[in-house]
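This report covers helix packing, domain and chain contacts, and sheets in one model. The sequence and structure come first.

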Amino acid sequence: MSKYILNRLLIAIPTIIGVTILIFLAMRVIPGDPLQLIVSETDGVYVLSEEELQALRASLGLDKPYHIQYLDWMGQVLRGDMGSSFWIKEPISGMILRRGPISAQIAIMAVALSWLIGVPIGMISAMWRNSLVDHLSRVGITLFIAMPSYWLGLLIILFTVLVFTWRPPITIIQLWEDPIGNLSMTLLPALALGLGLSAATARMARSAALEVLYEDYIRTARAKGLRAALVVWRHVFKNAMLPVVTTTGLALGGLLGGAVSVEKAFAVPGLGSLLVQGMTERDWMMIQNLVLLYGLIYVIINLIVDLSYAFLDPRIRYES
Amino acid sequence: MIQPKKFPSKDNGARSVDRRTFLKMMAAGASASVLAACATAGAPAEQAAAPAAADTPTPVPMPEPVTSGAGMMRPEGSPKHGGILRTAFGVTMAHFDAHQGGGTHVLCHMYNNLVRNNLVDGLRTIIPDLAESWEVDDGGLSYTFHLRAGVKFHDGEPLTSADVVATFNRILDPPAGIVSPLKANFTFVDSVEALDDMSVRFNLNSPRPFFLNLLTPTNALIYSKKSLEEHNFDLRGVIAPGTGAFRFVEHLPAEKWVMERNPDYWDAELPYVDGLEMLHVPAWSDRGTAVLTDQADMSWNVAKETWDEGQNRADIVRVNKLANFGAYWVFINNREAPFDDARVRRAIHLAVSKQNLAAAFGTQELINITRWVPQGDPYATAPDVLATLPGYRAEKEEDIAAAQQLMADAGYGDGLTGIELLAAAGPQGELLAPAFQDMLKRTLNIETEIRIVERALLGSEQQTGSYQLMVHTRGHGVSDISPRGNLWWRSGGSQNFGGYSDADFDALLDEIDVELDIDTRQGQIAEAEDMLDANPPEYLVGYTFHLPMWNNRVKGLALDERAFAEWGRMETVWIDEEA
């Protein structure tokens, strides 16, 4: 197992390097000059002279060749320093540490919700295939898959504001500081994300369970008189969960980086909002480091998903 | 000749100020010294300002006796000390240097200007700030400001004339590596010199009736010489100490700013609140819901739908609709055919209905149909007059016929094809540009293709001139036509990206720049607007309204009386817990 993990981590290195090169180049080739922002905030557009541009580039180290800039950045990262935002010099790691827990909490709550709602619905729908329950479940699944979580979030906000004159807090409240305040901030975004994810989970669970239900070993288990609940729990559920774990893992990887649209809908100051902020301000260093972080999260989540297969399916042994 | 307009009256109807009165208030004291002579601590500024509305015009602020207490703002009612004011609007900025283009809607609370707009009379007069009084000599060529005694920066350093000189020298003659967007506003200032520790003189090469106005925007704040020198004149990464009513406490990027009351503020009565908590709420709709749900006490500008809801919730919030100095435009590249022909630009000006554009964009932002000078400026054309002018009136039949004739005269009677209309992604590209495109097609048979780009790219497209028509925004902190005209419409102006050139307009602008007589200047500005109508540099969709919303507890900012929108200082605000 440890050899497998080591191999996977080694394979991840070129992936991460590829991500860093791509985002580094992307920031430099997409149109739009971050230096223009220096003077465009207050009095409209101001034309920078060539001398001014040169001086500004030099002050930010942007006058160096690309490969030097890239190596500087990588050197910083390897030293555990994510650098600071372009202009205001705030440490990026500090911002990530403050906002990351909120995005992570929302993501984990959304995934937990999707399992709590989606897996039972999917299993029930599969067990009673083509029944009224199945039909209703499938309608609900289709509805919530089609419903963008951003739009759902806006509906929730609209409802709570108009009916209760209340909305989730818009400043960060950490779980360890004020659990109730924190939940009032994170629960509804998690619900908006989780409902859509529940539908996807339910659909995946249903189709996987349907496949398993017709396997020979299930028929055998039933034939030998095993109780239906045991058949479902021991044989159907575990085997049907493999694809669900895969899709959930990928979804979690995306959500941990901050669900940008839902964070925007609820005005949650999480990592997704931070990325949008970085893009708005053309803060290259912020964007580069956040994308690097997302890449790392994806690699780690994928590894965890792969390792979880061994737990769910004893036939999978990585040493072999 | 355009008839004088009535200046926007206060909502509560307690007092209305007509254009002439306002002009006199602005010019006359703009008040420095009028208020210096009259204002006393504890007296409502409205009362103090009354003498400024004398019958005889006062073209240039004249010297007045220095009186202690000048510029002390006192709101109506019985202000109470205490509490924290929570605001909801976007509080991010690319950097912290106000003079290099950093946003000042947050940091302004930490600083003072030499002069400022009066918070308690709805920004209708200019009053002393760090300058307790001033004198104007040599027919407007010399402004001597006398600084307030005992003012200290937040680091304990005393304010002296050296700080003012260092501040303005950096603006006028920035050191290498420093960008100075404000420099273009002060091209007529030859030098700034310290006469003694507490007096500063600005030497102008020609008089400017709006000079004091240029000192009022929040970005015309005063830094300390020590801060500037310590950081090699570059404050982009530095929250430099100011002299303002609030001191910096905490900045959580893209989340909130926290400031506390400055106990050593030069006006011992202010500020009333113990601190400010400025929440980062970039989305307009979230700002409105934040105020409605009592997560914030006020916002400078909320979404229309939440503003509408606020109107129905008078039990908890109040709202207003304020003229703003930023506008939506369709920029026209005057350098290229067919738009190098004034008749084509005039035809577009006449044919495209501003009312329709305002309606199309109404779900996003309220458009204030105006002429070239924005509402909120004393020289703006009154709405009732505007409603009768070709190009501005709602009835388009006659205008469209005239426009079609102009197109025919220019040789484009059959219309035009292959014109590119550039717009930003989002509401501008999705609502304004298609509406404009549709009206061009239906009225003048001009076929355009919309090209959508990211908003941040429009500026560079504009500067390189790689566009024909472009939907975009543009504004200026000062409403007077002179600074705007010199930047935007003068031949070779630094922001005249479309290459507009009209020698007659340039000559008239030269006169407007230096004209000190109010009535003469008013006539000149009306003539300039006529010129711009006849030979438009671009198409003006309209200036915008800002829609502030505030909790009923929030007092002391005269938000319901403001002449125009300003995301500025708030030291007179107080919280009425009993409201």
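## Helix pair and contacts of chain B

Helix α15 (residues 481-488) of chain B packs against helix α16 (residues 503-514) of chain B at an angle of about 145°, with their axes 9 Å apart. Helices (H or I, at least four residues) and strands (E, at least two) are DSSP runs, numbered from the N terminus. Axes are lines fitted to C-alpha atoms, for helices over the stretch in contact, and angles run from 0 to 180 degrees between N-to-C directions. The crossing of α15(B) and α16(B) is left-handed (the near helix is turned anticlockwise from the far one by less than a right angle). On α15(B) the contact is made by Ile481(B), Ser482(B), Gly485(B) and Asn486(B), and on α16(B) by Leu509(B), Ile512(B) and Asp513(B). Two residues are in contact if their C-beta atoms, placed from the backbone, lie within 7 Å. By class, this contact has three nonpolar, three polar and one charged residues. Ala, Val, Leu, Ile, Met, Phe, Trp, Tyr, Cys and Pro count as nonpolar, Asp, Glu, Lys and Arg as charged, and the others, Gly among them, as polar.

The model is predicted: local features need pLDDT of at least 70, side-chain atom pairs count only at pLDDT 80 or more, and totals for chains, interfaces and linings use all residues. Residues are numbered from 1 along each chain as its sequence is written, while chains are lettered from A and ligands numbered from 1 in the order in which they are written.

Chain B is assigned domain 1 (19-244 + 551-575) and domain 2 (324-545), with bounds from an automatic or database domain assignment. Between them, 23 residues of domain 1 of chain B are in contact with 19 residues of domain 2 of chain B. On the domain 1 side, α1 (19-28) and α5 (211-214) of chain B are the elements that give two or more residues, and α1(B) gives the most, with five residues.

The contact between the chains takes 45 residues from chain B and 43 residues from chain A. On the chain B side, β10 (275-280), α7 (284-292), α14 (455-464) and β17 (469-475) each supply at least two residues. The largest share, six residues, comes from α14(B).

The two sides compare by class as follows.

| Side | Nonpolar | Polar | Charged |
|---|---|---|---|
| Domain 1 of chain B, touching domain 2 of chain B | 16 residues | five residues | two residues |

## Sheets of chain B

Four strands of chain B form an open sheet in the order β4-β5-β7-β6, with antiparallel pairing. Two strands pair if DSSP finds at least two bridges between them. The twist averages 20° from one strand to the next. β4(B) and strand β5 (residues 142-147) of chain B pair over six bridges, and Glu135(B) has Thr144(B) in β5(B) as its bridge partner. Helix α4 (residues 161-172) of chain B lies across β5, β6 and β7 (199-204) of chain B, at about 165° to β6(B).

Another open sheet has six strands in the order β14-β18-β13-β17-β15-β16 (chain B), with mixed pairing. β14 (367-368) and β16 (446-453) of chain B are at its edges with a single partner strand each, so one side of each is left without a neighbour in the sheet. Strand β15 (residues 416-424) of chain B pairs with β16(B) in the parallel sense over seven bridges, and Leu422(B) stands opposite Arg451(B) in β16(B).
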